[in-house]
Amino acid sequence: MNELRIGVIGTGGIGRDHIRRITHVITGAKVVAVSDINKRVAKEVAQQYDAKFYDSGEELIASPEVDAVVVTSSDQTHAKYVLACIAAGKYVLCEKPLASTAKDCLEIVKAETAYGKRLVQVGFMRRFDRGYQALKEVIKSGKIGAPLLIHACHRNRSHIPEFTSDMVIVTSGIHEIDISRWLLDEDYESGQVLTGKQNRNSKAGLIDPQIMLLKTKSGVLIDVEVNLCSGYGYDIQCEVVGEKGTVRLPDPNTVLVRSEGQHSYEIYSEWSERFIEAYDIEFQQWVNAVKKDAVDGPSAWDGYSACIAADALIKSRNNSIVEPIITAERPQLYK
Ligand code: NAP
């Protein structure tokens, strides 16, 4: 196949960043089509990148000029576009979360299973981050012994006004839910959310910060601070405690400055800078895999598994109880 012809649905912040990435950073693909409910912006982007504007995501998916699709529209629209891609037999890279609820994710899993081949990849880009990969290597090597605990935190500098208390978990916390499951190679048994004093700089009524507590089937305990209004930067931390040692996610490589009696380094303010290399690798590997007809990145099942945990955490927070996480049976396609 020559260049993979990609259609992008959603030309907001990350959609435009991925279009830039496909056009200028990675090789083997080009953006030929775009669509967004915000037609003005989509038309501007189409013109900028010499791509065709489509009135609707469905028309873009059906177009014979589009080989594969990237879904970067708002969370609640993902499921319908991913299902349309499966119906059309087209590969799709869908930004996280795969859908807003586990029920919708399961529908995608069932549709893909009925199709009989993996077409869906979910945008869990942290799995492509060198730091997280090094962390997983250490765990697998046995050097720190069997993992017992994970302490993690997900801090944004500030949040967009549209954020809701549920999105703290299903839009932001979902990265943490997926990455711990991937690091440990284990499913979850139960989840709980603790809330306390609210940040006065967060939107009124938004429950922020929230502490997510997860327990895996073998009993590993995970605590995650999800804090959307840290006020100082985008800061991602993760430490795995094993039976005979610990391993910690490194901070990104920024220069160390010694000046005025202090020694400091920059903390990025945006996710797009912090994980820029991970997104680049994610997209290059996805394009290569699509061209070989062998997509093997984060699957619809991974998207579902993260969402079922997110659903349970939201329920736990609303009812102040520990909630069991009960997963459907994993289809053969994902074993
Ligand atoms: P954004 O800037 O709000 O962009 C989303 C775009 O989708 C907006 O232009 C929105 O239009 C459009 N849209 C809404 N409904 C649509 C529909 N039915 N059909 C087509 N387009 C529609 O948000 P973003 O930050 O780019 O996020 C987009 C997605 O990527 C979200 O699912 C988010 O969770 C995910 N994301 C992932 C990461 C990551 O680290 N992997 C980082 C950021 C975002 P309106 O503004 O007019 O509604």
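**Note on the predicted model: core, sheet and ligand site**

1. The largest nonpolar core holds 102 residues. Ile-6, Val-69, Leu-98, Tyr-132, Ile-177 and Trp-286 have the most contacts inside it. Helix H10 (residues 300–319) gives the most to this core, with 11 residues. A nonpolar core here is a set of buried Ala, Val, Leu, Ile, Met, Phe, Trp, Tyr and Cys residues joined through side-chain atoms within 4.5 Å. Buried means under 20% relative accessible area, exposed over 50%, partly exposed in between (1.4 Å probe, protein chains only).

2. On conventions: this is a predicted model, in which local features need pLDDT of at least 70, side-chain atom pairs count only at pLDDT 80 or more, and totals for chains, interfaces and linings use all residues. Residues are numbered from 1 along each chain as its sequence is written, and side-chain values use heavy atoms, leaving out hydrogens and water.

3. Tyr-132 is in contact (heavy atoms within 4.5 Å) with Arg-126, Ile-179, Trp-182, Leu-183, Ile-236, Cys-238, Leu-249 and Phe-275, leaving aside neighbours within four places in sequence.

4. Six strands form an open sheet in the order S3-S2-S1-S4-S5-S6, with parallel pairing. Strand S3 (52–53) and strand S6 (120–122) are the edges, each pairing on one side only. Strands (E, at least two residues) and helices (H or I, at least four) are DSSP runs, numbered from the N terminus. Pairing requires at least two DSSP bridges between two strands.

5. S4 (residues 68–71) and S5 (residues 91–94) pair over four bridges. The core residue Val-69 stands opposite Val-92 in S5. Helix H4 (residues 78–88) lies across S1, S4, S5 and S6, at about 165 degrees to S5. Axes are lines fitted to C-alpha atoms, for helices over the stretch in contact; angles run from 0 to 180 degrees between N-to-C directions.

6. Asp-36 sits in the loop between S2 and helix H2 (39–49). Is Asp-36 buried or exposed? Asp-36 counts as buried, because its relative accessibility is 15%. Its side chain reaches the backbone nitrogen of Thr-11 at 2.6 Å. A polar atom of that side chain also lies 2.6 Å from the backbone nitrogen of Asn-38.

7. Which residues come nearest the ligand? Asp-36, Asp-75, Tyr-81, Glu-95 and Tyr-279 do, of the 23 around it (a heavy atom within 4 Å). A polar side-chain atom of Asp-36 lies 2.8 Å from a ligand oxygen atom. For His-78, a side-chain N or O atom is 2.9 Å from an oxygen atom of the ligand. Glu-95 has a side-chain N or O atom 2.8 Å from a ligand nitrogen atom.

Definitions and conventions:
Polar contact = N/O pair within 3.5 Å; in protein donor to acceptor, adjacent residues only side chain to side chain.
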